[in-house]
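Morning, everyone. Please look at the model on the screen while I talk. I will take one chain, then some of its neighbours.

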Amino acid sequence: MLTIMKSELLVTAIIFLLLFVKLGKGMKNESMLLLIQVLLLLNFIAGFFFNTEGILFDGMYQSTSMIVLQKNILNLGVYLISLLFSSWFKRSEHMPEFFMLMLSALLGMFFLISSGNLLMFFLALELSTIPVAAMANFDLDKKRSSEAAMKMILTSAFSSGILLFGISLIYGATGTISFSELPQHLDGTPLQVLAFVFLFAAFAFKLSIVPFHLWTADVYEGAPMATTSFLSVISKGAVAFIFISTLYKVFQPMQGTWYNMVMILSIATMIIGNLFALRQQNIKRFLAFSSIAQVGFILVGISSGAKEGLSSVVYFILIYIFSNLAAFGVATAIESQTGKENIDDCKGLYQTNPFLSWVLALALFSLAGIPPTAGFFGKLFLLTAGASTGSYFFITIAALNMIISLYYYLRVIRAVFMDKNEQPVEKIKIDLSAKLGLTICAAGIVLVGLLSWIYDYIQ
Amino acid sequence: MIEPGLYHLLFISAALFFIGVYGFFTRRNLVTMLMSVELILNSVNLNFIAFNKYLWPNKLDGVFFTIFIIAIAAAEAAVAIAIIINLYRSHHSIDVENAEEMKF
Amino acid sequence: MPNATYIALIPLLPLAGFIMLGIFGRKYFKNTSGIIGTTLLLVSTGLALYTAYGYFFEYGKVDGVYQKLVPLKYTWLEFSQGVSIDMGIIIDPISVMMLVVVTFVSLMVHIYSLGYMKGEERFPTYYAFLGLFTFSMLGLVVSSNIFQIYIFWELVGVSSFLLIGYYYDKPSAVAACKKAFIVTRFADVGFLIGILMLSFYSGTLDFNTLIATLTSPESNGYKTAAAASFMGVSALTWGLVLVFIGGAGKSAMFPLHIWLPDAMEGPTPVSALIHAATMVVAGVFLVARLFPVFAISSPGALSIVGYVGAVSAMIAAVIACTQTDIKRVLAYSTMSQIGYMMFALGVSKYGGEEGLGYTASMFHLFTHAMFKALLFLGAGAVIHFIHSNEMKDMGGLRKYLPITHITFLIACLAIAGVPPFAGFFSKEEILLAAYQHNPTIYWIALITSGLTAFYMFRLYFSIFWNKDASPSPQGEGRGEVHHGEGGFAMMMPLVLLALGAAAAGFIPFGHFVSSDGKALESEFHLQFSILPVALGLAGIFTAMLLYKKQNDKPDKIAASLSGLYKAAYHKFYIDEVYLFITQKIIFNLIGRPAAWFDKNVVDGLVNLTGNTTLKISEGIKRIQSGKVQQYAIYFLAGVIGLALLFIYVWK
Amino acid sequence: MNLLLLILTPLLTAVAVLLMRNATQVRWVSFIGAAVQLVLAFALFFAFRNERMAGNTAEMLFQIQYNWFPAWHISFHLGVDGISIAMILLTAFVVIAGVLVSWNVEKMTKEFYFLLILLSLGAYGFFISLDLFILFFFLEIAVIPKYLLIGIWGSGKKEYSANKLALMLMGGSALVLVGLLGIYFNAPEKTFDLLTLSKSYIPAEVQQICFPLLFVGFGVFTALFPFHTWVPDGHSSAPTAGSMFLAGISMKLGGYGCLRVATYILHDAAKDYSTIIIVLSVIAILYGAFATMMQKDLKYINAYSSVSHCGFVLLGIGMMTKTSMTGAVMQMVSHGLMTALFFAVIGMIYERTHTRQVNEMGGLLKRMPFIGTVLFIVGLCSLGLPGLSGFVAEMTVFMGSWERPDTFSRVATILSCLSLVVTAVYILRAITKTAMGPLKEQFATLTDARWNEKLAAIILVVGIIAIGTAPFWLNDLINPATEIIKQHLMIPTPID
């Protein structure tokens, strides 16, 4: 029992610890941040030990080695966030609260991943959403921040409404809400399809799949950078994991339906995401749309509906965490120093900050899927998994979308490396932990691909 | 005076759902929009109860689900209100159309 | 059997000279390079003569027939089984004869240039190029493989290109060398395709095998070649004609002759070597090399050769009568003489008495090399003395240039076919051959020979007699600038060549060179040669009347037949036609459109794709309106859309 | 001989370059690296010859195989045959020349050399990989360095060209990727291994789909009409070494891929498509030549002529006789050396005259005899002069094409022969206008090549002449390999 729920318990413990420390007052931000980072690191390391599989609460909660791995990937992501945004954390006076919220959201995701029952799933989903809305509002004095939070909370409330309606219909149609029993009762009647579409929409909303993606860009832009990265990496990852297991296990009988649905939406997502990303000036917004396009790719992998699909998606999420966090880390470094967050502000960055530029370049190449960065392998395996179903039209579109995405990633590269600039961003001082974080990300981007045993481990 | 059947209830809940949706689409006041969401949730509750009572009377999943939904709705509302208040601070209005700074 | 190594040395020594002078010349051999080149060539001339002696008098003849010996042959590039480019040496009468001619003339030119090119800035380069040319020409004549001959064919082309463009800062020279290269290149493509066809049908590139296959009616390659026909003509004929186009290009046959007159921009010794004696006869040599195939398997192709030759001879002679630049006159006379050789081959048959034309053609090639080289070198001496190519600047030079005068006279007599000079014998044989087989060509040839005598002596008189030699355009004092005729180095070759031009005719040529290798008795018919000789003398006397003394008769005559004169003077406007085709047609109708198409259509499409994408992305940005309620509407629309799609359409 | 050396050397060089302090060290380190590569290439060449002499008739020699992503049946499988060796030699030559030519790059020297070396790494890996996945991996590695080279050190409308190049090449590789996946999933056993695939049966309809994808995909790299438009812009705005690598190495990746992957594995479809390939390549040959005739800028001239010359590569592949394919490979090598040298010379001239417009030059031979001479050599090589590499390659292609007895390929061959004349026209125009004619007074003070430039030029000239005068060694190297491919194709052998 204890070891089965280990990750959840650890996170809860950390939350309470933070709570007491906070109540205890008298601790400076720096040391507090250090403490948190240490705790998270320990949490991450602990993720590798005492992993036991099992089912609790009459199937409401389940844990397998794969699930543990997924949770640990998220742990890693959170740890990296705590490193990368240190400068921002140190400045904000409510830092512990932010972490409490983030960790409770993480807790929610953990439950989400190992939920074995629609009720549990719903609760976990809400738990992983509502705190994020609060986090989005964390720049209390910024208008955009509150607007973002407002958009987030309202749309997510709406989507959870839809989700619940779907669940209720499923309940009505099958009389059960437990994942283990549902497959027997599903046979693709119109009512069930309707219910499934409602459910799917909720997933799509969280994963920001077209046409349920519209909140994404605004929220990403308005929210503080830490929140944005959390949203774009961690919560996406979590939802992708549960999405896969739901589709593969629960809605197995309706695979014909959801395969087509996934395919259509994936194409739409890639195209729309790319087309919007082409025009963006604001880095956060740019990354928002690029991440939408990335989700399109994830869907390609998901569409395979087989074991490869799962492993390739997990692998990609891991890589995606490194790449995207690296990009956000660089962006936040620039932003916290100069307050600029536009692509044009990066012009001539290379002249003054080679380190940041190279990390950014690595991250973007990885996102674009250029070897030898890990992104290449991630994308390739997604495509391969997708191709296993044999619809080459789909794969060709995906492959061609890589070109468009390359175009806008190169836009940034060009701004950083090629464009002349009279007064480029002055030399940026990055504090140790941020540097550490960036280095970890860079190392991850390079190594995760080349060291094939990582992929085997995931498998 | 006839005994209300499943379909009556489902009809009501569907009506509630769409009223809620309509309200959410058309209302400009954030709090009202929040209320419309509550309507949607309530229609869901009605669904669960009805299904539970008429289709699967021997299991209580639906009822429990309803209870949890109510609880969660409260939590959601709390955070939402907080955010709206904050929005009021910064925008000096809770009109949704004043918060359209970020677009395209 | 001959010793391959020293035969191989004949071409390789000049090559060594080229490499040495080409790489280190301008550094180490600034002045000595001339000597080096000449000595090397002296050695290979010796070797060539030795080979000739050995071949003709020792081992060449096996029971009365001169053999085709292949002392050296190694595979250079193998394409497929049996089809390979071999680098080899073939030793047979014509190749040996060519070896002698090439080395001898080249040696003369080397020596002559010692004086003529003295003090040139790029003296070493000049000798390097000469070496390159000599190497390629020798390689060409000993080629044992049709592709090998093509290789050296290109090499002589490029070395002539380099030598014509020797004065590279002179725009006219640059234009000339470009023209020469491109025109011959164009012809070479024909040659190449011809090679491809012949090699395909004979299944080999080796000369002996190829000739053997294509001349034996029962060989299966021959059958397919004769059977496969295109536009009613057998593939074999096509192949041979294409090969002949290559030859025509190099040998400046009409209508591919336009490069030759311009080629006179090069240094005069070069013109003597390349554009008179050796390279330009390569075409004749090629046809002679493949003669059995022409004669036995495809008379049609052979008759084409004949007529092209005759026409070229005629036209060139007419044009030559009107030119005023002495080198151009000589150039056209070269073209005309090569025409003789060509149609001699054209009218010939294979084997025995019938093969007289072949022998005659080779004979004329031999003698022509002598007297034409001599003419050019003489002209060189004149130009060297007077610093101009124009007749009008000359006259009465016999006092200043006695040796040149005499040798030049000998050469003129030789080319005019006056007995007992060399030209007489060879030309007689040619006319005889034509007379026997093709009357039309015979008459053309006869008239041409008259014209030849006329324009040559027009040249001779207007250089050495005509107006008395007092002050010339260059003004006084030229005597001091050049001490007479430019020294021993320049005179010695003239004398030697003059001897050749005078005596070469007495060689019993038919004994050595004949179409089938058997000795051919060339008997001498007095009654037959009366007419041509008479015509020749007539030409000479007309020339004397018109040009010995300065007078206005020539202009009168020119005026009287102005139309013809103008046309001839403008070389019958052939250059203009070419210019029109290349500039107007090729450039404007193909090149420009291609470039435009690439710039606007192909490239345009690419850019279009990019821009459309950007436009679309601009167009759809309104979806992201920033209105949270609209987002929700899209959300619901999506849900309903999907539901409908999957419930009703896509079950 | 361990093939990993070929990958490790550039890798270590690149790392070393990054560690260096100042530009001089960087230059020397990368020069040493390049020299080592050259030595390795030759060592490999001789080792290979000895193996063959010793009667080792295995299709691929020096194979090594490590497991890599076993889940996807990917293995790090290396091995070489004659074709790969030829390409490796070419790469080594071009790399060292490129390093030498860019000796006086002052702007971001370290990065410049780093990218150059990275590019060579990609090329080597591509040529020796026997696993389609790593082949693709190395193919894409080579793209981004080009983009940066052009974008950062380029001239003219460099951003545009760099973008165009990167996107078009990426598009090409995207098609390749789809084709590879198609093969992967439809082969009897799921594998990326080239040798296995070449021997295993792939359904005809799959071949029909995958072959065009692969061929066009690789074709984009080697300027297949009408996907060649990145070539002129890319080459003209790249820095000298950049253009050398682009035309000398990168375009060859495509040709090699077309031959080794598309034609070799999907041989049935290859036969069906050969007509289309031939048509496209003949168009490329003539059209490229005529387009070149109209160019004024030396770099554009060479770029367009590259389109024309690479047409011969594709023609050779499309004709699918052993000889023609040998010719195609020879043409790749020859064109690689030749065009690299040409770009090097253009770079030298531009650096001195600060113009690339032929009309603004003249008489340069007087002031810079060395550069002028090299310009002549390379020009003559380009128009196919015997004794230089171009002639050998083109003639082999022609002979090979002529082995196909049908009228269509006859016409195609004859048409492409005609391009020889056009080539002569534009090359002579370029050379004569640049090097010959009266010397313009503004060039009266120009200086001749420096030692590094001389060395670079000499290395390449030696290569060109070595092939041109003694083609048999190259021929013997390539023939067995093409023979094997030919046996896969089983086109009816010519009547002779």
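What percentage of the 651 residues of chain C count as buried? The figure is 57%. Buried has a cut-off here: a residue is buried if 20 or more other C-beta atoms lie within 10 Å of its own, exposed if 12 or fewer, and partly exposed in between, with C-beta atoms placed from the backbone.

Some ground rules. This is a predicted model: local features need pLDDT of at least 70, side-chain atom pairs count only at pLDDT 80 or more, and totals for chains, interfaces and linings use all residues. Residues are numbered from 1 along each chain as its sequence is written, while chains are lettered from A and ligands numbered from 1 in the order in which they are written.

Now chain C as a whole. Its C-alpha atoms fill a box of roughly 115 × 70 × 60 Å along the principal axes. It has 27 helices and 6 strands. These are DSSP runs, numbered from the N terminus: helices are H or I with at least four residues, strands are E with at least two. Take the contacts in chain C between residues at least 6 apart in sequence: 79% of them join residues at least 24 apart. Contact means that the C-beta atoms, placed from the backbone, lie within 7 Å.

How confident is the predictor? pLDDT is its confidence in each residue, from 0 to 100. Chain C averages 85, and 96% of the residues score at least 70. Residues 470-482 of chain C stay under 50, with 10 contacts beyond four places in sequence. Where pLDDT is low, the predicted coordinates should not be read in detail.

Next, a hairpin. Strands β3 (residues 69-80) and β4 of chain C run antiparallel, joined by 8 bridges. Strands pair if DSSP finds at least two bridges between them. C:T75 stands opposite C:D86 in β4(C). The hairpin has 2 residues between its strands, and C:G82 in the turn has a positive phi of about 85°. β4(C), residues 83-91, is mostly covered, with 7 of its 9 residues buried.

Look in the loop between α11 (268-277) and α12 (282-289) of chain C. Why does C:V281 count as buried? Because it has 32 C-beta neighbours inside 10 Å. Beyond its neighbours within four places in sequence, C:V281 is in contact with C:S251, C:I338, C:M341 and C:L365.

Now over to chain D. Its contact with chain C takes 40 residues from chain D and 36 residues from chain C. On the chain D side, α18(D) supplies the largest share, 9 residues. That side divides into 27 nonpolar, 8 polar and 5 charged. Here Ala, Val, Leu, Ile, Met, Phe, Trp, Tyr, Cys and Pro count as nonpolar, Asp, Glu, Lys and Arg as charged, and the others, Gly among them, as polar.

Chain D also meets chain A. This contact takes 28 residues from chain A and 26 residues from chain D. On the chain A side, α18(A) gives the most, with 12 residues. The chain A side divides into 20 nonpolar, 6 polar and 2 charged.

That's my tour. Thanks.

Methods. Contact = placed C-beta atoms within 7 Å. pLDDT = per-residue confidence, 0-100.
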